Amino acid sequence: MSEPIEKMEEQILSETTVKETDKKCPNCGATIKFDPASGKLNCEYCGYSCELPKADDENAIVELDFEAEANKESFDWGQEKKSVECKHCGAVTIYDALETSAVCPFCGSTSVMPAANANSVSPGAVVPFSVTKETAGESFSKWLKKKWFAPKKAKKNARPDAFQGVYLPYWTYDTQTTSNFTAQAGYDRKVKKKDGSYETVTDWKFVSGVYQEFIDDETVMASKRHEKSGVKDCEPFKLSKLVPYSPQVLCGFAAERYSIGLKEGWEKAQQSIKSKLSSHIESHVKSVWNCNRVSNVRFSTIYSNITYKYILVPAWISSFQFKDKVYQFAVNGQTGKVGGKAPVSALRVILAVLLGIGACVGLYYLLR
């Protein structure tokens with residue numbers, strides 16, 4: 001995270017914060033932050049509150065042409081750093097290159113940095129936080145209590161108040177798909193056997209056709225750092241709540257720029273789209289050919305009119321260490337859904353298996 005510039009010796013990039021995010025409370029001079037509960041910019045000390053700035057255009061969230069975008073590449077930020085000058089107090093701090101929002105360690109300003117450079121894409125929309133840190137902690141505690149195989153000590157080590165709010169980068173893709181397909185349509189019929197009983201026999205018929213479907217908002221996480229943090233487990237995010245990007249929405253929260261670029265993201269999106277199309281084509285064959293079952297679905301797809309959005313979504317991130325292993329968790333900052341993997345006690349699993357076996361044996365003798 002951030003550290004004073006005096007500790008850094010290597011050559012690093014320089015940035016300044018976005019001026020409008022360094023403003024202090026007009027009443028008491030404290031830092032103003034975005035409040036998920038009210039959806040406004042609030043001062044925690046004197047209670048001052050103000051609305052977020054309205055977008056100049058109600059239709060400011062637009063789909064952009066994928067083919068026309070020149071900056072499609074991914075970024076390997078690695079250990080790259082940048083120095084950021086706070087517009088409010090003039091202090092210079094070192095941050096990881098992928099960070100675009102933080103709090104100035106010197107004056108407490110909710111500093112937001114430029115979200116893009118000449119070689120990258122700027123975010124066009126944000127899903128604002130609507131779940132508070134306290135609510136996220138409560139949801140996590142309830143979720144962890146239901147993990148029966150998690151050790152008691154691990155549950156004690158997991159602190160519900162340790163979550164950090166962060167806006168994560170996502171791509172969304174729209175496209176019209178046209179798929180040429182072949183499949184086997186199966187028709188079941190009953191056949192009487194010699195002993196008088198019946199068995200089901202399936203007659204197969206070769207079918208082919210064209211299936212078209214418009215894919216709307218296929219989402220792909222654009223952060224390599226959080227691929228294993230549990231964020232995928234707490235999807236989806238309700239994109240109907242998107243608002244045009246503004247630095248003020250990020251005030252008080254960390255934010256990251258993308259490391260998975262537009263091109264790599266589209267490759268991931270196609271994998272997910274193909275899986276959906278396979279299922280949808282199977283349903284299409286059942287409907288059109290009125291068959292009982294479908295097998296050997298094969299298809300090739302043409303994607304046309306591909307558009308995209310670069311958005312930021314809210315997540316509460318936390319982790320704890322148990323027996324030399326780090327466990328990461330995430331809470332959806334919009335819905336409160338929890339994601340992640342809790343540690344498992346081998347002893348509890350063995351006891352559960354023994355109890356299950358004992359119950360089965362008891363039931364067997366009871367029925368006898």
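Residues are numbered from 1 along each chain as its sequence is written, and side-chain values rest on heavy atoms, with hydrogens and water left out. As the model is a prediction, local features need pLDDT of at least 70 and side-chain atom pairs count only at pLDDT 80 or more, while totals for chains, interfaces and linings use all residues.

Helices (H or I, at least four residues) and strands (E, at least two) are DSSP runs, numbered from the N terminus. Take strand β8 (residues 92–96): 4 of its 5 residues are buried, so the strand is largely enclosed by the rest of the structure. Buried here means under 20% relative accessible area, with exposed over 50% and partly exposed in between (1.4 Å probe, protein chains only). Its partner β7 (residues 81–85) runs antiparallel to β8 and is joined to it by 5 bridges; strands pair if DSSP finds at least two bridges between them. Ser83, for one, is bridged to Ile94 of β8.

Helix α3 (residues 262–289) is 28 residues long and reaches 39 Å from first C-alpha to last, close to the 40 Å expected at 1.5 Å a residue. That expected span is 1.5 Å times one less than the number of residues. Its buried residues include Trp266, Ile273 and Val285, and the buried set packs against β11 (164–192), β12 (198–221) and β15 (293–322), contact being heavy atoms within 4.5 Å. Just past the helix, Asn290 takes a positive phi of about 50°.

The largest pocket holds about 450 Å³ of space. Of its 25 lining residues, Lys33, Val103, Gly252, Phe253 and Trp316 sit closest to the centre. A pocket, on a 1 Å grid over the protein atoms alone, is an open set of points where a 1.4 Å probe fits, with protein on both sides within 12 Å along at least five of seven lines; lining residues have an atom within 4 Å of a point. Points are joined across faces, edges and corners, and the volume is the space filled by probe spheres set on them. β3 gives the most to the lining, with 3 residues.

Leu41 belongs to strand β4. It counts as buried because its relative accessibility is 9%. Leaving aside neighbours within four places in sequence, Leu41 touches residues including Lys33, Phe34, Tyr48 and Cys251. Thr31, 10 residues away in sequence, lies 9.9 Å from Leu41, C-alpha to C-alpha.
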